[in-house]
Amino acid sequence: MSQDLKQIIREEYTKCAKDPAHFMRKYCNIQHPQRGRIIFNLYPFQAKVLSLWKDNPYSLILKSRQLGISTLAAGYSLWLMTFHKDKNILCIATKQETAKNMVTKTKFMYDNLPSWLKVPSDENNKLTLRLNNGSQIKATSAASDAGRSEAVSLLIIDEAAFIEGIEPIWASSQQTLATGGGAIVLSTPFGTGNWFHKTWVKAEAQDNNFLPIKLPWYIHPERDQAWRDRQDVELGDPRLAAQECDCDFTTSGDVVYYPEHLEYIMTTHMVEPMERRGVDKNLWIWESPDYTRNYIVVADVARGDGKDFSAFHIFDLETNAQVAEFKSQLSPKEFGYMLVGIATEYNEALLVVENANIGWSTIESIMERNYRNLYYSPKSDAPTSDSYISKYEDTSKMTPGFTTSLKTRPLVINKGREYFGDHSVIIRSKRLLEEMKVFIWKNGRAEAQSGYNDDLVMAYSIAMYVRDTALKNKTQGIELTKAAINNISRPSQYQGAYFSAGVDNPYHMPTNNGDEDISWLL
């Protein structure tokens with residue numbers, strides 16, 4: 001090798017060592033899905049992101065789909081390994097296969113480097129690339145002990161918003177990163193309330209060490225509005241397209257209650273309560289009792305482990321307006337006594353208490369007080385039309401309280417969504433709306449995101465279900481009874497006298513002993 005060539009290589013090597021963008025643009029090959037193997041000619045936004053990573057040890061990337069950011073992280077990892085000794089890079093993702101993809105991209109770039117740039121490897125397999133200068137990159141799936149056992153120079157977390165239970169993973173990695181390591185956390189959004197969303201909010205407020213980097217779809221120079229419009233069609237769902245393209249937390253994720261419906265309630269009905277009662281001021285009142293109206297009180301009882309709350313709503317049955325709400329931690333018996341008091345105050349309201357587990361203790365305290373307008377469910381957990389039991393009806397074949405089962409729970413959730421989406425309910429509580437924002441689908445089951453509660457949401461959903469099914473069927477039964485009474489034939493010799501007397505009550509039936517009031521049948 002000539003002296004001139006050695007000098008050229010030495011100068012080029014120095015350029016690469018100083019500038020990762022130069023290294024990638026000239027010597028890193030990638031596998032393009034349409035073009036095959038090509039040189040990684042960075043777009044301007046990719047070069048900018050690279051410089052931010054180099055200057056900031058902690059970076060949080062909120063990104064659109066298919067921007068090549070994972071490939072960029074692979075190239076940055078190879079640059080660190082090639083030009084630095086003893087760099088330990090760990091890639092974590094939801095599945096090992098996803099994390100392995102980062103290592104695969106790094107390996108492809110490494111295998112295609114020119115010989116004068118390539119550091120010999122000691123280990124080169126599907127999950128690990130280790131160079132003889134002590135630097136390596138490894139892939140692992142998300143687990144609470146990931147990153148705990150060794151010192152990590154750079155932690156890369158891919159699609160962080162989709163990793164359930166990421167909090168202990170991040171906590172365990174802090175011990176190893178504290179000695180001078182850094183982290184690149186990247187993801188498309190997946191709803192609000194998860195670790196990625198909360199970390200992003202804190203990063204924007206400069207309440208943590210992360211530099212927030214937002215990369216929406218239009219940052220890519222080859223994309224225009226026509227491309228964005230096609231994503232709605234190609235992905236089959238505008239919400240999924242919003243998640244994948246727009247970097248919008250509020251329109252992403254498997255949310256049960258859609259953001260536009262939440263926004264409608266917030267701007268039309270949500271108001272501060274006119275009164276706050278109790279020692280902790282957690283009983284919120286919007287309307288005082290009106291003794292000409294009927295109410296329903298629906299309660300969800302806390303498990304008693306300190307992680308959730310006992311909660312209830314009061315709704316006006318005619319207007320379907322929320323008139324009161326409670327959320328706090330009480331013993332089951334105290335909660336039962338409170339429910340009797342508030343239900344009595346609101347015109348002996350129908351009292352519906354979820355009867356699973358600890359709920360029985362609350363129901364027992366209600367029955368001790370002989371509250372007569374308690375809701376009963378069939379002993380079978382199948383939903384039926386005769387679940388409403390008033391204070392005058394037989395309860396011998398029924399179970400006190402509302403039974404939430406595998407059969408009734410989906411119906412309850414869907415009924416709450418239906419009323420909410422149709423704007424057929426007046427919700428005034430910001431506490432309930434906050435719970436709705438983080439109420440999501442997890443493996444087909446609607447529940448609160450990890451670290452949040454759904455006590456108010458479940459009480460609301462049961463209220464809408466009872467109002468729509470049991471109470472509707474009771475009303476229909478009354479109408480049928482009225483129709484039957486109206487069809488009772490009266491002897492013709494009495495009809496003239498009956499109506500000529502000016503009696504306008506149709507529930508008087510003439511008999512040989514005079515008119516008999518039969519309205520009691522209702």
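In this predicted model, helix H7, residues 195–204, lies across strands S3 (58–63), S9 and S10. The angle between helix H7 and S3 is about 115 degrees. Another helix, H5 (residues 96–111), lies across S4 (88–93), S5, S6 (128–131), S7 (136–141) and S8. Helix H5 runs at about 160 degrees to S7.

The strands named here belong to an open sheet of eight, with mixed pairing and the order S5-S6-S7-S4-S8-S9-S3-S10. Strand S5 (121–124) and strand S10 (211–215) are the edge strands; each has a single partner strand, so one side of each is left without a neighbour in the sheet. From one strand to the next, the twist averages 15 degrees. Within the sheet, S8 (residues 154–158) and S9 (residues 182–187) pair in the parallel sense over five bridges. Ile156 stands opposite Ile184 in S9.

Helix H5 also takes part in a pocket. The largest pocket has a volume of about 1000 Å³ and a lining of 34 residues, with Pro33, Gln66, Leu67, Gly68 and Thr71 nearest its centre. Two or more lining residues come from each of strand S1 (29–32), strand S2 (36–39), helix H4 (69–83) and H5. H5 gives the most, with seven residues. The lining comprises twelve nonpolar, 15 polar and seven charged residues.

The second largest pocket has a volume of about 760 Å³. Its lining has 31 residues, and Arg303, Arg409, Arg445, Asp454 and Met458 lie nearest the centre. Helix H13 (408–421), strand S20 (445–448) and helix H15 (455–468) each give two or more residues to this lining. By class, the lining of the second largest pocket has twelve nonpolar, nine polar and ten charged residues.

Methods
Residues numbered from 1 in each chain as written. Predicted model: local features only at pLDDT ≥ 70, side-chain atom pairs only at ≥ 80, totals over all residues. Heavy atoms only, no water. Pairing = 2+ DSSP bridges. Helix = DSSP H or I, 4+ residues; strand = E, 2+ residues; numbered from the N terminus. Axes fitted to C-alpha atoms, helices over the stretch in contact; angles between N-to-C directions. Contact = heavy atoms within 4.5 Å. 1 Å grid on protein atoms, 1.4 Å probe; cavity = no way out; pocket = protein on both sides within 12 Å on 5 of 7 lines; lining within 4 Å. Points joined across faces, edges and corners; volume = space filled by probe spheres on them. Nonpolar A, V, L, I, M, F, W, Y, C, P; charged D, E, K, R; others polar.
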